[in-house]
Amino acid sequence: MPVPIRRLVVALTLCCALVAGATACGGSEKNSTKDTSAAQAVPAVDSPSPTTSAEKRRFAKTRFVLDAGLAAGATYQWIVKPWKQGKFKKGAKGRKTALVKAGLAGAFTYNRLKAAQKNAKADPTLSKALAPLSKGIEALKNLPSKLRKGDEDAVSSFNDVIGDVKDAGKSAGAPVKDQVPSASQLTKG
């Protein structure tokens, strides 16, 4: 029975591809042994290598600036600015909306500051500058609920911690600029 030419071409092409792939991947043992012995013969250079997962982070300073900038922008846009406008006072128009946004912004700020703190640990200069602020950042954990309840002292706490983080970044050569996050970024955390 004659085989159609199309089937024959497809079968031949597949066979050639399999043989070429096996040959390319296989290699001889002499070459692979040579390669590993050559790699072992090269002396290791004495260079510091990261040991902890925090030290292995890439672009730690850039990530710190981004996270701290988002935290600062959220704090100013949805906490400090409405507070200055008097939107947290009882009877103010749009108070509930402002408080809900402030609560979300507070949680977002805490989240981004924790991420910035993690990134700072990967950079020795930032790590030293940010170390004294860890208690202040941790204290922000409960402030979003205080904001929702209308506690206006929480606003100054957020503002103070953001100012301290900006100062620490500036002293470590990583100046932080406010970046207002979008509403979708706020809800995602």
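What we are looking at is a predicted model, and I will come to its confidence before turning to the packing. The secondary structure comes to nine helices and zero strands, so that, in the sense of the definition used for helices and strands, the pattern read along the sequence is α-α-α-α-α-α-α-α-α. The chain has 189 residues, and buried residues make up 31% of them.

On confidence, the mean pLDDT of the chain is 77, with 69% of its residues reaching 70 or more. Where in the chain is confidence lowest, and where is it highest? The lowest mean, 47, belongs to helix 2, residues 29-41, and the highest, 92, belongs to helix 3. Over residues 27-51 the pLDDT is below 50, and this stretch has, beyond near neighbours in sequence, three contacts in the model.

Take helix 3 and helix 4 to start with. Helix 3 covers residues 60-84 and helix 4 covers residues 95-120, and their axes come within 8 Å and cross at roughly 165°. An angle over 145 degrees counts as roughly antiparallel, and helix 3 and helix 4 are therefore roughly antiparallel to each other. The crossing in which helix 3 passes helix 4 is left-handed. As for the residues that make up the contact of helix 3 with helix 4, they divide into 16 nonpolar, four polar and four charged.

Now to helix 3 and helix 8, the latter being residues 153-171, which pack at an angle of about 150° with their axes 10 Å apart. That angle makes helix 3 roughly antiparallel to helix 8, and helix 3 passes helix 8 in a left-handed crossing. On the helix 3 side, the contact is made by F64, A68, A71, A72, T75, I79, V80 and W83, while helix 8 brings V155, F158, N159, I162, V165, K166 and G169. By class, the contact of helix 3 with helix 8 has eleven nonpolar, three polar and one charged residues.

G106, T109 and L113 of helix 4 meet F158, V161, I162 and V165 of helix 8, and the contact of helix 4 with helix 8 has five nonpolar, two polar and no charged residues.

F64 is buried, with a relative accessible area of 0%. Leaving aside neighbours within four places in sequence, F64 is in contact with A116, N119, A120, L126, L130, V165, G169, A174 and V176. The C-alpha atoms of F64 and P175, which are 111 residues apart along the chain, are separated by 9.8 Å.

In helix 4 we find R112. Is R112 buried or exposed? With a relative accessible area of 17%, R112 is buried, the cut-off for buried being under 20%. The C-alpha atoms of R112 and A74 are separated by 9.8 Å, although the two residues are 38 residues apart along the chain.

K121 lies in the loop between helix 4 and helix 5, the latter being residues 124-130, and at 53% relative accessibility K121 counts as exposed. From C-alpha to C-alpha, K121 and K61 are 9.6 Å apart in space and 60 residues apart in sequence. A172 lies in the loop between helix 8 and helix 9, residues 183-188, and at 6% relative accessibility A172 counts as buried. A172 and K61 are 111 residues apart in sequence and 9.3 Å apart in space, C-alpha to C-alpha. Not counting residues up to four places away in sequence, A172 touches K61, T125, L126 and A129.

Definitions and conventions. Residues numbered from 1 in each chain as written. Predicted model: local features only at pLDDT ≥ 70, side-chain atom pairs only at ≥ 80, totals over all residues. Heavy atoms only, no water. Axes fitted to C-alpha atoms, helices over the stretch in contact; angles between N-to-C directions. Helix = DSSP H or I, 4+ residues; strand = E, 2+ residues; numbered from the N terminus. Parallel < 35°, antiparallel > 145°, perpendicular 65-115°, else oblique. Left-handed = near helix turned anticlockwise from the far one by under 90°. Nonpolar A, V, L, I, M, F, W, Y, C, P; charged D, E, K, R; others polar. pLDDT = per-residue confidence, 0-100. Contact = heavy atoms within 4.5 Å. Buried < 20%, exposed > 50% of the residue type's maximum accessible area, 1.4 Å probe, protein only.
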